[in-house]
Amino acid sequence: MKYFRTLGHAMRESWTRTSKDAQEYWEQASHTVQDSVCGAPTHLVNYFSDSARFYRKNLNSLRQELASGFTISVLQIPESVAFSFVAGVDPIIGLRATVFMALVCGALGARPGMVSGAAGAMAVILAELSASGGKWSDRPKDEVERLVFMTMIITGAIQCGIGMLGLSRLSKLIPFTAMIGFMNGLAIIILISQLDAFKECPGQEYEVCAREGTLKWRSLADGETWMVIVETIIAAVTVTVFPRWKSVHRYVPAALVALVLVTAFEHGINRPLIDLPTRTVKETANVEGKFITPGIPSLPDDTPWTDIV
């Protein structure tokens with residue numbers, strides 16, 4: 001009984017402290033929002049002028065950030081397509097989400113390790129709803145997309161509310177082992193999504209099989225399978241060995257060098273000479289499209305709010 005009394009007292013103190021901190025944080029956030037809205041034009045001009053002065057004095061930082069930004073923007077395309085297949089939505093939706101998230105994080109300020117693109121964790125959760133065999137798989141395609149949009153809007157609203165109320169401090173209660181388990185699980189998801197490079201869709205377009213989950217493993221007797229392995233080894237060796245060349249690596253990311261080497265090998269040597277072409281992004285999915293007008297999606301009368309929430 002003494003243990004439970006002590007535990008109850010500790011929980012009451014924690015709740016009181018959290019409520020007080022949340023109230024103070026909310027007041028500070030309100031003042032910050034008001035100042036930001038009223039002084040937005042001035043802050044924007046100062047931001048660009050300060051950035052221009054900084055990069056004028058630090059050209060190396062400008063080169064590094066331009067190279068990193070170009071590398072990430074290119075490598076995000078296949079990753080977004082892969083996570084879109086996992087979530088059961090069109091690849092163009094994953095690309096749009098990546099673009100808007102990157103713009104928002106870049107404009108409002110990000111932090112190291114912040115997710116600013118299509119995330120495997122969200123894709124796995126959405127797969128239970130929108131992918132083949134999910135709860136919404138019997139609904140029309142456009143209706144599923146609108147439900148996914150509403151799910152993401154509510155998710156973002158909840159995250160903003162958590163941040164404005166200062167409830168992010170409660171994340172300290174999450175055990176370190178749980179965070180390690182989550183990161184390991186996410187790494188496994190990313191690895192599994194990359195294994196689709198070793199799969200094919202006989203007799204149909206790759207996008208169709210990827211959406212239905214009917215991809216087949218390539219045969220080891222197929223030369224294209226070994227070409228995928230060779231290009232994978234080239235990329236892995238490059239990102240491992242190139243950082244040792246510190247005089248150049250400080251200016252050029254290893255991932256960008258691997259991207260250029262593998263692309264040059266594929267289109268300069270493999271396709272014209274060896275004739276064992278590997279699948280490109282264009283051959284994987286149709287990523288052509290345009291930006292849509294932001295707004296609240298129209299929902300059907302039988303909207304499954306329980307599943308969304």
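A pocket is an open set of points, on a 1 Å grid over the protein atoms alone, that has protein on both sides within 12 Å along at least five of seven lines; a lining residue has an atom within 4 Å of a point. The model shown in these views is predicted.

**View A. Lining of the second largest pocket.** The second largest pocket has a volume of about 1,500 Å³. Its lining consists of 36 residues. Those nearest the pocket centre are Leu75, Pro78, Gln194, Ala197 and Val262. Two or more lining residues come from each of helix 3, helix 7 (176-194), helix 9, helix 11 and helix 12 (281-284). The most come from helix 3, which gives eight residues. Val262, one of the residues nearest the centre, is also among the buried residues of helix 11.

**View B. The kink in helix 11.** Helix 11 covers residues 254-274. Its end C-alpha atoms span only 26 Å, whereas a straight helix of 21 residues would span 30 Å at 1.5 Å a residue. The helix is kinked by about 35°, with the kink centred on Glu266. Glu266 itself is buried. Just after the helix, Asp275 has a positive phi of about 60°.

**View C. Buried residues of helix 11 and what covers them.** The buried residues of this helix are Ala254, Leu256, Val257, Ala258, Val262, Phe265, Glu266 and Asn270. In an α-helix there are 3.6 residues a turn, so residues three or four places apart point the same way. Among the elements covering the buried residues of helix 11 are helix 3 (59-87), helix 9 (223-241) and helix 10 (246-249). Helix 3 and helix 9 also give residues to the lining of the second largest pocket, as does helix 11 itself.

**View D. Salt bridges around Arg218.** The whole structure holds six salt bridges. Side chains of opposite charge can pair when their charged atoms come close. Arg218 pairs with Glu200 at 3.8 Å, N to O. This pair links distant parts of the chain, 18 residues apart: Glu200 lies in strand 1 (residues 199-200), and Arg218 in the loop between strand 2 (216-217) and helix 9. Arg218 forms another salt bridge with Asp222, where the closest N and O atoms are 3.9 Å apart. For the salt bridge of Arg218 with Glu224, the closest N and O atoms are 3.1 Å apart. Through shared partners, these salt bridges join Glu200, Arg218, Asp222 and Glu224 into one network.

**View E. Accessibility within the Arg218 network.** Arg218 has a relative accessible area of 12% and therefore counts as buried, the cut-off being under 20%. Glu200, at 28%, is partly exposed. Asp222 is partly exposed at 25%, and Glu224 is partly exposed at 23%.

Key
Residues are numbered from 1 along each chain as its sequence is written. This is a predicted model: local features need pLDDT of at least 70, side-chain atom pairs count only at pLDDT 80 or more; totals for chains, interfaces and linings use all residues. Side-chain values use heavy atoms; hydrogens and water are left out. Helices (H or I, at least four residues) and strands (E, at least two) are DSSP runs, numbered from the N terminus. The expected span of a helix is 1.5 Å times one less than its number of residues. The bend at a residue is the angle between axes fitted to the seven residues ending there and the seven starting there. Buried means under 20% relative accessible area, exposed over 50%, partly exposed in between (1.4 Å probe, protein chains only). Contact means heavy atoms within 4.5 Å. A salt bridge is a side-chain nitrogen of Lys or Arg within 4 Å of a carboxyl oxygen of Asp or Glu. On a 1 Å grid over the protein atoms alone, a cavity is a set of points where a 1.4 Å probe fits but cannot get out, and a pocket is an open set with protein on both sides within 12 Å along at least five of seven lines; lining residues have an atom within 4 Å of a point. Grid points are joined across faces, edges and corners, and a volume is the space filled by probe spheres set on the points.
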